[in-house]
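Dear colleague,

Please find below the structure that I am handing over to you. My findings follow it.

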Amino acid sequence: MMQNKLSFHQSSASLEIIGLPDYSNNEKKDQISIISQWKLTLVDKPLIEGKIEHLGPIMDAFYIYSNLLIKNEIPIYESKLIDIKADNLHTHNIVLKSSKTNVKPLVLKIGNSLLSDTLNCFDQLNESPKVRIKKTDIRTNIPKKLRLGLNKKINFFNFFIPPFFAICSLILFSSSFIYFYSPFENIEKKELINSE
């Protein structure tokens, strides 16, 4: 059976997904949900490839790391499969560790534009209707310090959102009475009573 190939490109990065549709879920023959291999090509860098169990953690690592950069927090991400840390404001060190024994880790240095292009390829993959990948719970891979910050924000929103909706609904409810109450009709009634 011929495998499908889908590519996602952004300037200096290209992501290729290879796999088959899951016919048991009535998928079309050009879809991919059984991913057998993926390849990430970065300009002037060695080819990065792996199996489906590597793709999710690598994507999560890039998303978490970029989130730390945006929040001006210490940009360091470490896991069994990938380490990413900032060398300076413009250079990022990536260490990809092989799951096979006796294989040296692949060390890359990439700039901001290459990091951005790679994230864009991952975004295209996530938004593609032709590829179905299992969504990992990104929160399980977030370092504890960052996870606590997310919990505080969630608790903050849970505390303030119900009263906010209550106030909005009160305003809407009370503003509807404006349509039923007209002060001009009352003035006309008073004038009629006074004239009699």
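Asp-44 lies in the loop between S3 and S4; helices and strands here are DSSP runs (H or I, at least four residues, for helices; E, at least two, for strands), numbered from the N terminus. The model is predicted, so local features need pLDDT of at least 70 and side-chain atom pairs count only at pLDDT 80 or more, while totals for chains, interfaces and linings use all residues. Residues are numbered from 1 along each chain as its sequence is written, and side-chain values use heavy atoms, with hydrogens and water left out.

Phi of Asp-44 is near 65°, a positive value in a residue other than glycine. Most residues other than glycine have a negative phi. Asp-44 is exposed, with a relative accessible area of 77%; exposed means over 50%, buried under 20%, and partly exposed in between (1.4 Å probe, protein chains only). Ser-11 also has a positive phi, of about 45°, and is not a glycine. Ser-11 is placed in the loop between S1 and S2 and counts as exposed at 70% relative accessibility.

As to the overall fold, the protein chain has four helices and eight strands, in the order β-β-β-β-α-β-β-β-β-α-α-α from the N terminus on. Of its 196 residues, 31% count as buried. Contact means heavy atoms within 4.5 Å. Among the contacts with a separation of 6 or more, 43% are between residues 24 or more positions apart.

The largest nonpolar core has 35 residues, of which Leu-15, Ile-17, Phe-62, Ile-82 and Leu-125 touch the most other members. Such a core is a set of buried Ala, Val, Leu, Ile, Met, Phe, Trp, Tyr and Cys residues joined through side-chain atoms within 4.5 Å. The largest share of this core, eight residues, comes from H1. Not counting residues up to four places away in sequence, Leu-15 touches several residues, including Phe-8, Trp-38, Cys-121, Phe-122 and Leu-125.

Helix H2 (residues 112–127) has 16 residues. Its buried residues are Leu-114, Leu-115, Asp-117, Thr-118, Leu-119, Cys-121, Phe-122 and Leu-125. They pack against several elements, among them strand S1 (4–10), strand S2 (13–20) and helix H1 (52–70).

Grid points are joined across faces, edges and corners, and a volume is the space filled by probe spheres set on the points.

The largest pocket has a volume of about 440 Å³. Of the 18 residues that line this pocket, Glu-49, Gly-50, His-54, Ser-98 and Ser-99 are the closest to its centre. The lining comprises eight nonpolar, four polar and six charged residues, where Ala, Val, Leu, Ile, Met, Phe, Trp, Tyr, Cys and Pro count as nonpolar, Asp, Glu, Lys and Arg as charged, and the others, Gly among them, as polar.

The structure holds one cavity of 30 Å³ or more. The largest cavity is lined by Leu-40, Ile-48, Ile-58, Phe-62, Ile-94, Leu-96 and Leu-108, a lining with seven nonpolar, no polar and no charged residues.

Yours sincerely

Conventions: The expected span of a helix is 1.5 Å times one less than its number of residues. On a 1 Å grid over the protein atoms alone, a cavity is a set of points where a 1.4 Å probe fits but cannot get out, and a pocket is an open set with protein on both sides within 12 Å along at least five of seven lines; lining residues have an atom within 4 Å of a point.
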